[in-house]
Amino acid sequence: MIFVNRSLALEKIKCFGFDMDYTLAMYKSPDYEELAFALLLEHLVSIGYPHEILAYKYDPTFPTRGLVFDALYGNLLKVDSHGNLLVCAHGFRFLKGAEILHYYPNKFIQRDDMKRFHILNTLFNLTVPSLAEAHLYACLVDFFTNCSRYVNCDTGYKHGNLFMSFRSMFQDVREAMDSVHLSGCLKEKTLENLEKYVVKDPRVPLLLSRMKEVGKVFLATNSDYNYTDAIMSYLFDFSDGDKQAETPQRPWRSYFDLIVVDTRKPLFFAEGTVLRQVNTDTGKLRIGTYTGPLQHCAVYSGGSSDVVCDLLGVKGKDILYMGDHIFGDILKSKKRQGWRTFLVVPELARELQVWTEKSELFEELRSLDLFLAELYQHLDSGSSERPDISSIKRRIQKVTHEMDMCYGKMGSLFRCGSRQTLFANQLMRYADLYAASFINFLYYPFSYLFRAPPVLMAHESTVEHGRLDVGEAGTALAPWLAQHGHPGQQVGGRGLRSRRAEESQHQQPDAGGVLCPLSPPPPFQVAGVRRDSSGEEEDDGEA
């Protein structure tokens, strides 16, 4: 199933763009994260970290994407879009109440302080998976906190005359990630056992061949050519007679009109780098900047999104670009180029499973909110009565915690109880469409209209369409309301409930061909659609 944030007419898309890592090439979890985690530990030991840290193993139930690492206090944070704290962990210990207030007096962080707060958003962080990075921070903090040789301080650890700050720890981990990337050891290990680490899906060649029949297709990846060629050759090789493959065997490059490696996203979506042609026989770059026309099955290195548009003869909204990186792929392509965007969120499969199996917890949370409102229903500013809501608040906290634990130790990628995470907000803001895999496009015709359901503001979802009592509207509006009636009581002769009933009948097929509601379940609330004076839909503002 594909979820919709902003309406998109698939027949208007003239060009389909793809990232490679975690988009075309899905890595098997947790095997791939375990490999990256082990390599990072080995590098840290090689530069002087205690050998004891090698005893740590990657735990897939702990990290989630969208966490924030506080380089001042060494905490892993889960925050909402405004910087309000939802979860705080020091190592593997979750902080509560007074402990959180000690570090964050307002339970709030300044997200724009990029030197202190680092968002771990992507599956493939240009070098290694960020899930492995997040878990590594927790392991290091856990080790040094509990090791008797080190004295715990607010901003790091002291050992004799030496002091190691959390900031220096962060820098060491990032340098380890760069080293693992530059040395090529992660890629080498991956290529040595592709079946263990890379998902091979026979539907990939079929979908790309169908896309190429209706438009242009390009690949833009940060990976180098040799690694890209090895991964893509594996994905498109069904010469062993796989009966599931529905397309004739042919070279992987023939599925694309343009192939660009070494793109250095997000720089690719700004000024970019020099465009050079790749010698596909040797993998080496040809000298000089390439200035010629697009060549069939040629491979290029560097360049920019502007160069892609020029070579393919397309412009901003003609392109639907698919990637897993909320910043490098989706945000920058949307804000700087106006490309239509599709975010790959593999965690959706697990999120939806928990959402459906544990729906009674969210319903209980909603019921508690309603019960809380009823306690104040007959009170006003003149009331001296103060309802005791302490037991309700404790129950809300208990249900929220129980919901979070169903997803993992850090909770859901998208929410904490009733509150949405920073990742969820960014997804809603910048991804026009999203799904667990781009393969879901296989089950939609290329004439399909992805229609975004309307999103109501708080006053619209709370107040029913109908005539309000004049006194409730306020004395300033009373004369106008008495003369003209309430402006929102009906829309085109249809009340809100009747329109909701109609929307619930508007359905689309899921990946298995089963009809599902167009709008996603409540935890994945989608952004609205604005119309200009011509009645055509526009994207939401992105400032």
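Student: Let's start at tyrosine 150. What does tyrosine 150 touch, not counting residues up to four places away in sequence?

Tutor: Tyrosine 150 touches Pro50, Phe144, Tyr157, Lys158 and His159. Keep in mind that this is a predicted model.

Student: Where is tyrosine 150 in the chain?

Tutor: Tyrosine 150 sits in the loop between α3 and β9, and β9 covers 151-153.

Student: Is tyrosine 150 buried or exposed?

Tutor: Buried. Its relative accessibility is 17%, and the cut-off for buried is under 20%.

Student: How far is tyrosine 150 from glycine 160?

Tutor: Their C-alpha atoms are separated by 8.3 Å. Along the chain they are 10 residues apart.

Student: Back to α3. How do α1 and α3 cross?

Tutor: Helix α1 spans residues 31-46 and helix α3 spans residues 130-146. Their axes come within 9 Å and cross at roughly 45°. The two helices are therefore oblique to each other.

Student: Left-handed or right-handed crossing for α1 and α3?

Tutor: The crossing of α1 and α3 is right-handed.

Student: Which residues make the contact?

Tutor: From α1, Glu33, Ala36, Phe37, Leu40, Leu41 and Leu44. From α3, Leu131, Ala132, His135, Leu136, Cys139 and Leu140.

Student: How do the residues of that α1 contact with α3 divide?

Tutor: There are 10 nonpolar residues, one polar and one charged.

Student: What about the spacing in general? Why do residues three or four places apart point the same way?

Tutor: An α-helix has 3.6 residues a turn, so residues at that spacing, three or four places apart, point the same way.

Student: New pair. How do α11 and α12 cross?

Tutor: The axes of α11 and α12 come within 4 Å. They cross at roughly 65°. Helix α12 covers residues 359-375.

Student: Which residues meet there, between α11 and α12?

Tutor: Val354, Trp355, Thr356 and Glu357 in α11 meet Ser359, Glu360 and Phe362 in α12. That contact divides into three nonpolar, two polar and two charged residues.

Student: Which side chain does glutamate 347 make a polar contact with?

Tutor: Arginine 65. The two side chains are joined by a polar contact of 2.8 Å.

Student: Switching to arginine 250. Where does arginine 250 lie?

Tutor: In the loop between α8 (225-235) and β13 (258-261). Arginine 250 counts as partly exposed, at 29% relative accessibility.

Student: What is arginine 250 in contact with, leaving aside its neighbours within four places in sequence?

Tutor: Ser209 and Tyr255. The arginine 250 side chain also makes a polar contact with the side chain of serine 254, at 2.8 Å.

Student: And how far apart are arginine 250 and serine 233?

Tutor: They are 9.9 Å apart in space, C-alpha to C-alpha. In sequence they are 17 residues apart.

Student: What is phi of tyrosine 22?

Tutor: Phi of tyrosine 22 is near 65°, a positive value in a residue other than glycine. Tyrosine 22 is in the loop between β3 and α1. Tyrosine 22 is buried, with a relative accessible area of 3%.

Student: And what is phi of arginine 264?

Tutor: Near 60°, also a positive value in a residue other than glycine. Arginine 264 lies in the loop between β13 and β14. Arginine 264 counts as exposed, at 54% relative accessibility.

Student: Why is α14 largely enclosed by the rest of the structure?

Tutor: Because seven of the nine residues of α14, residues 422-430, are buried. The buried residues are Leu422, Phe423, Ala424, Gln426, Leu427, Met428 and Tyr430.

Student: Whole chain, then. How many helices and strands?

Tutor: The chain has 17 helices and 25 strands. Buried residues make up 49% of the 543 residues.

Terms used: Residues numbered from 1 in each chain as written. Predicted model: local features only at pLDDT ≥ 70, side-chain atom pairs only at ≥ 80, totals over all residues. Heavy atoms only, no water. Axes fitted to C-alpha atoms, helices over the stretch in contact; angles between N-to-C directions. Parallel < 35°, antiparallel > 145°, perpendicular 65-115°, else oblique. Left-handed = near helix turned anticlockwise from the far one by under 90°. Contact = heavy atoms within 4.5 Å. Nonpolar A, V, L, I, M, F, W, Y, C, P; charged D, E, K, R; others polar. Polar contact = N/O pair within 3.5 Å; in protein donor to acceptor, adjacent residues only side chain to side chain. Buried < 20%, exposed > 50% of the residue type's maximum accessible area, 1.4 Å probe, protein only.
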